[in-house]
Number of protein chains: 2
Amino acid sequence: MTTDAHTPDRGAIQSLDRAAIDSFLHAQRIARLGCHVDGLTYVVPVIYAYDGESVYTVTTEGQKVTMMRANPRVCVEVDEYDAVRGGWRSVIAQGDYEELAGDEVGQALALLRRRFARGEESGGARELGPSTVVLRIRLAEVSGRAVTR
Amino acid sequence: MTTDAHTPDRGAIQSLDRAAIDSFLHAQRIARLGCHVDGLTYVVPVIYAYDGESVYTVTTEGQKVTMMRANPRVCVEVDEYDAVRGGWRSVIAQGDYEELAGDEVGQALALLRRRFARGEESGGARELGPSTVVLRIRLAEVSGRAVTR
């Protein structure tokens, strides 16, 4: 975030180590994927699950899938802002987009189902339509920062 | 978001009209800026204020400023997720990065101060260091979507 310059006395920016980054990525639910093709940068929110190496989500064919197929190098961003105190935490990573097939689809859906279970059973694979895309982004070059106030 | 394919019976995706987009951008506090230079896409969260046409923030020189100076065409993304019900709302826009100078700096800082006031007075311009950048991104090609559950 960017209020640090404006309120320099409230909290210094700290780097998160890998354990803190992992804990944060396990705890959060929304990531923003940044992709780029032919001069257009596009940022889109996704509900994700994290297995310690990659983020997984399920979506339908559309602009972001078209763009990530054309250029699989994407940015993954996750953040949390404390509106009361003004502190924040964010993780930014580079990663490579992969579409899953076969057994990996079921494993990814099971991971997502455990993460987002709301006291109901979901049928999983039988609900997937022909335009459904289950995707994984392996994270590399991961960095995290936080300000505590 | 991307659970719509997985839970097709819960809520259809609706487009937000301009009034709903404006209301949402006035109400939210965190935007993600997506920028791209030389094959690297970078998404970074910022605390922003909105005046109906542009988003404003204040930051310090660093990777995102360097990148936006090199390629001012950026993506602005704002979202809100209801973790209890699973509904969500998002706005995605293209825009052009501009660094402010002169009177526009004070106007932008006043807008940010009103938005983020926490019952205290802030000195404004006298707190700005030499590496502080006050920036505006004029929004164009704005779209918004929502799922209510």
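This is a predicted model: local features need pLDDT of at least 70, side-chain atom pairs count only at pLDDT 80 or more; totals for chains, interfaces and linings use all residues.

Is A:Thr57 buried or exposed? With a relative accessible area of 2%, A:Thr57 is buried.

**A:Thr57**
- A:Thr57 belongs to strand β5 of chain A, which spans residues 54–60.
- A polar atom of the A:Thr57 side chain lies 2.6 Å from the backbone oxygen of A:Ile47.

**Strands β2 and β3 of chain B**
- Strand β2 (residues 30–37) of chain B runs antiparallel to β3(B), and eight bridges join the two.
- Within this pairing, B:Val44 of β3(B) stands opposite B:Leu33.
- Two residues separate the strands of the hairpin, in which B:Asp38 takes a positive phi near 50 degrees.
- Strand β3 (residues 40–47) of chain B is largely enclosed by the rest of the structure, because seven of its eight residues are buried.

**Cysteines**
- Zero disulfides are found over all chains in a search of the whole structure.
- A:Cys75 is in no disulfide, and its nearest cysteine sulfur, that of B:Cys35, is 8.4 Å away.
- A:Cys75 counts as buried, at 0% relative accessibility.
- B:Cys75 is likewise in no disulfide; the nearest cysteine sulfur belongs to A:Cys35, 8.4 Å away.
- B:Cys75 also counts as buried, with a relative accessibility of 0%.

**Salt bridges**
- Side chains of opposite charge can pair when their charged atoms come close.
- The whole structure contains 23 salt bridges over all chains.
- One of these joins A:Glu99 to A:Arg69, with the closest N and O atoms 2.5 Å apart.
- A:Glu99 lies in strand β7 (residues 88–99) and A:Arg69 in helix α2 (residues 63–70) of chain A, so this pair ties together parts that are 30 residues apart in sequence.
- Both partners are partly exposed: A:Glu99 has a relative accessible area of 37%, and A:Arg69 has a relative accessibility of 40%.
- In chain A, A:Arg73 forms a salt bridge with A:Asp96, the closest N and O atoms being 3.1 Å apart.
- That pair links strand β6 (residues 73–81), which holds A:Arg73, with strand β7, which holds A:Asp96, 23 residues apart.
- In chain B, the side chains of B:Asp96 and B:Arg73 meet in a salt bridge at 3.2 Å, N to O.
- B:Asp96 in strand β7 and B:Arg73 in strand β6 of chain B are 23 residues apart.
- A single network of salt bridges that share partners joins A:Arg32, A:Glu77, A:Asp79, B:Arg32, B:Glu77 and B:Asp79.

Notes
Residues are numbered from 1 along each chain as its sequence is written. Chains are lettered from A and ligands numbered from 1 in the order in which they are written. Side-chain values use heavy atoms; hydrogens and water are left out. Helices (H or I, at least four residues) and strands (E, at least two) are DSSP runs, numbered from the N terminus. Buried means under 20% relative accessible area, exposed over 50%, partly exposed in between (1.4 Å probe, protein chains only). A polar contact is a pair of N or O atoms within 3.5 Å; within protein, one must be able to donate a hydrogen and the other to accept it, and residues adjacent in sequence count only if both atoms are side-chain atoms. Two strands pair if DSSP finds at least two bridges between them. A disulfide is a pair of cysteine sulfur atoms within 2.5 Å. A salt bridge is a side-chain nitrogen of Lys or Arg within 4 Å of a carboxyl oxygen of Asp or Glu.
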